[in-house]
Amino acid sequence: YSLTYCTDWKRKWFENGEAVQLVLSQFLRVATNEGFAVLVYCFMPDHVHLLVEGLREDSDARKFITKSKQCSAHAYAASFGARLWQPFGFEHVLRDDEKLQVAARYIIENPVRAGLAKTVMEYPFVGSQVYDLKDLLATMPEPD
């Protein structure tokens, strides 16, 4: 699943490394509990992209989305005293490996396209729970 969550009022909460680490830790905790792997993630200043994969028969994307947003919002409010997310997000089901690789590359190259970094490797808020980022870049096809 390709997921995008936007911050409340498109506020730039993810320019702060502490906020990114807090939210990422909640995503990873929920992923483990709900049987998902976070294949790639990218925190842009006002939104986050996730590419996740269900690992079990009972992995439920709706449950992952709901819990990941709830848990991260609660932790964020407790630490920073502000509302984190817009009520809705965007999700897309990817059904073939090639589209998965294209989506992964698109997500991790987002900061470069936005002018936030010259290379993916210099942007601090992109990564993977599963893959080494350098290896991932080397094996993914260039977008058309």
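This is a predicted model: local features need pLDDT of at least 70, side-chain atom pairs count only at pLDDT 80 or more; totals for chains, interfaces and linings use all residues.
Residues are numbered from 1 along each chain as its sequence is written, and side-chain values use heavy atoms, with hydrogens and water left out.

First, the pockets. A pocket here is an open set of points on a 1 Å grid over the protein atoms alone, where a 1.4 Å probe fits, with protein on both sides within 12 Å along at least five of seven lines; lining residues have an atom within 4 Å of a point. The largest pocket comes out at a volume of about 260 Å³, volume being the space filled by probe spheres set on the points. Its lining takes in 14 residues, and Y1, V52, E53, G54 and L94 are the closest to the centre. Two elements, strand 3 (47–54) and helix 3 (97–108), each give two or more residues to this lining; helices (H or I, at least four residues) and strands (E, at least two) are DSSP runs, numbered from the N terminus. Strand 3 has the largest share, with three residues.

The second largest pocket holds about 180 Å³ of space. L3, T4 and Y5 are among the residues lining it, as are I65, T66, K69 and Q70, and also P87, F88, G89, F90 and E91. Strand 1, helix 2 (61–80) and strand 4 (85–92) are the elements that give two or more residues here. Strand 4 supplies the largest share, five residues. By class, this lining has six nonpolar, four polar and two charged residues.

Most residues other than glycine have a negative phi. W9, though not a glycine, has a positive phi of about 55°, and K10, also not a glycine, has a positive phi of about 55°. W9 lies in the loop between strand 1 (2–7) and helix 1 (17–34), and K10 is in the loop between strand 1 and helix 1. W9 is exposed at 69% relative accessible area, whereas K10 is partly exposed at 38% (buried means under 20%, exposed over 50%, partly exposed in between, with a 1.4 Å probe and protein chains only).

D46 is buried, at 15% relative accessibility. Its side chain makes a polar contact of 3.4 Å with the side chain of K10 and another, of 2.7 Å, with the side chain of H47. Such a contact is a pair of N or O atoms within 3.5 Å; within protein, one must be able to donate a hydrogen and the other to accept it, and residues adjacent in sequence count only if both atoms are side-chain atoms. Neighbours within four places in sequence aside, D46 is in contact (heavy atoms within 4.5 Å) with C6, T7, K10, R11 and K12.

That leaves the cysteines. The disulfide count is zero, a disulfide being a pair of cysteine sulfur atoms within 2.5 Å. The sulfur of C6 is too far for a bond because the closest cysteine sulfur, in C42, is 13 Å away. C6 is buried at 9% relative accessibility, and C42 is buried at 0%.

Methods: Ala, Val, Leu, Ile, Met, Phe, Trp, Tyr, Cys and Pro count as nonpolar, Asp, Glu, Lys and Arg as charged, and the others, Gly among them, as polar.
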